[in-house]
There are 2 protein chains.
Amino acid sequence: MIVGYQTYLDLIPEFLAGKEVIASQMMKEVDRCRKALALAAEGRQVALVSGGDPGIYAMAGLVFEMAREQNLCVAIEVIPGIAALNACAARLGAPLMHDFAAISLSDLLTPWAKIERRLEAAASADFVVVIYNPKSKKRAEHIVRAREILLAHRPPETPVGIVTAATRENERIVLTTLEKMLASEIDMQTTIIVGNSMTFAWQGFMVTPRGYAAKYAL
Amino acid sequence: MIVGYQTYLDLIPEFLAGKEVIASQMMKEVDRCRKALALAAEGRQVALVSGGDPGIYAMAGLVFEMAREQNLCVAIEVIPGIAALNACAARLGAPLMHDFAAISLSDLLTPWAKIERRLEAAASADFVVVIYNPKSKKRAEHIVRAREILLAHRPPETPVGIVTAATRENERIVLTTLEKMLASEIDMQTTIIVGNSMTFAWQGFMVTPRGYAAKYAL
């Protein structure tokens, strides 16, 4: 049987046909996960549907955390998917050709001081930086601070890609710079990729070279 | 038409039927890319097939680097896929639930000093670390040094997942620790995930909690 958030289930009708489905509109992820595990513990075979890749900042971890807390013995398999970082990178061109750090700006479950420390480390070691959860109504200042930290280590003209709702109907893609990035709309569905010292913008694409051009005649 | 490495094309016969295919056994990636771009510049519609996600340490960047060098005007679209980090994380459990850094240990196109600086930064800021290209015949010592750097910041019992040839026939999965990781076989097809300070091993899985258990009753 299938357990999932209604919005995601609507995207995969072909997988639901003939199956028992528990769709939740408003149920929180913790409750959805509890329901799926309870059914599995009863012996049911349950697919818990997640958006993106369940293994990257998503539901897979909660499943294991909860199963451990409840001391459940159920077989668990994680099926990977296209995470926001894969999709957004593809829409922007090729910004993740070299070492990168993924950092969530949500301080709901992580102290902000730790997030700043990670931003500082990633900025100083020239990682491309993928920013998850850049902004919500309650956290409008986090992205402002993140940009400050990055600007202390990178030039203002560093390419920045801002992708909202990647591959969905309401997709928005903006290629901008560290200097100007705050002029673009950023919301809960946005992922931001900040280039490293090598990243360039070319014909509307954002590209982090691996360095072939320095080594081979292209 | 389709251009790709024979090994990858063999995995997708259903997409090749009825199409012109240029398969290369031994052609280097630079040559394959050059061929695909030359055909596109002639007006052909070309799919350049890559393993994993072409956008993560893979072919997409080379396409853009070369198109820019050659000043080509061709339409380019990148289709994302399941990168090694997505696949390996899924096979291990849920190690990438929180901020992580992806670092390649290949110094073919990157100075080793820069790689060490990134390892140091990621280790000190408590990122989960995904290590690409941990070892080749010519670079057996890089993973030894990477482990030293990580051990300076993390306890020896930190969980480490070693996945070779994820989802393929010869897949090998080892869940071990920073202390013991070098006892496992590591080769060119291996990706290594090193946990952060919160990562735990549970029933053969490697899990980095997001912190729900501290916030909610699970």
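**Fold and pairing of a predicted two-chain model**

With 6 C-beta neighbours inside 10 Å, A:Asn71 counts as exposed. A residue is called buried if 20 or more other C-beta atoms lie within 10 Å of its own, exposed if 12 or fewer, and partly exposed in between, with C-beta atoms placed from the backbone. The phi of A:Asn71 is near 55°, a positive value in a residue other than glycine. A:Asn71 sits in the loop between helix 4 (59–69) and helix 5 (84–92) of chain A. Helices (H or I, at least four residues) and strands (E, at least two) are DSSP runs, numbered from the N terminus.

The model is predicted, so local features need pLDDT of at least 70 and side-chain atom pairs count only at pLDDT 80 or more, while totals for chains, interfaces and linings use all residues. Residues are numbered from 1 along each chain as its sequence is written, and chains are lettered from A and ligands numbered from 1 in the order in which they are written.

Chain A holds eight helices and 11 strands. Its C-alpha atoms fill a box of roughly 55 × 40 × 35 Å, taken along the principal axes. Of the 218 residues of chain A, 45% count as buried. Two residues are in contact if their C-beta atoms, placed from the backbone, lie within 7 Å. Among the contacts in chain A with a separation of 6 or more, 67% join residues 24 or more positions apart. Chain A is divided into domain 1 (2–69) and domain 2 (84–207). These bounds come from an automatic or database domain assignment. The centres of the two domains, taken over C-alpha atoms, are separated by 29 Å.

Helix 6 of chain A covers residues 112–124. At 1.5 Å a residue, its 13 residues should span 18 Å, and its end C-alpha atoms are 18 Å apart, which agrees. The expected span is 1.5 Å times one less than the number of residues. The buried residues of this helix are A:Ile115, A:Arg118, A:Leu119, A:Ala121, A:Ala122 and A:Ala123. Within chain A, they pack against strand 5 (100–104), strand 6 (128–132) and helix 7 (142–151). Just after helix 6 of chain A, A:Asp126 takes a positive phi of about 65°.

Strand 6 of chain A is mostly covered, with four of its five residues buried. Two strands pair if DSSP finds at least two bridges between them. Strand 5 and strand 6 of chain A pair in the parallel sense over five bridges. A:Ser104 has A:Tyr132, in strand 6 of chain A, as its bridge partner. From strand 5 of chain A the chain crosses through helix 6 to strand 6, and this β-α-β crossover is right-handed. Right-handed means that, with the strands pointing away from the viewer, the path from the first strand over the helix to the second runs clockwise. Strand 6 of chain A also runs antiparallel to strand 9 (residues 190–194) of chain A, joined by three bridges. There, A:Ile131 has A:Ile192 as its bridge partner.

A separate heading of the analysis concerns an open sheet of three strands in chain A. Its order is 4-11-10, with mixed pairing. Strand 4 (93–94) and strand 10 (200–202) of chain A stand at the edges, each with a single partner strand, so one side of each is left without a neighbour in the sheet. Strand 10 and strand 11 (residues 205–207) of chain A pair in the antiparallel sense over three bridges. A:Ala201 stands opposite A:Met206 in strand 11 of chain A.

The two chains also meet. In total, 54 residues of chain B are in contact with 54 residues of chain A. On chain B, the elements giving two or more residues to this side include helix 4 (59–69), helix 5 (84–92), strand 5 and helix 6. Helix 4 of chain B gives the largest share, eight residues. The residues on this side of chain B divide into 35 nonpolar, 10 polar and nine charged. Here Ala, Val, Leu, Ile, Met, Phe, Trp, Tyr, Cys and Pro count as nonpolar, Asp, Glu, Lys and Arg as charged, and the others, Gly among them, as polar. Strand 5 of chain A and strand 5 of chain B pair in the antiparallel sense over three bridges. A:Phe100 stands opposite B:Ala102 in strand 5 of chain B.
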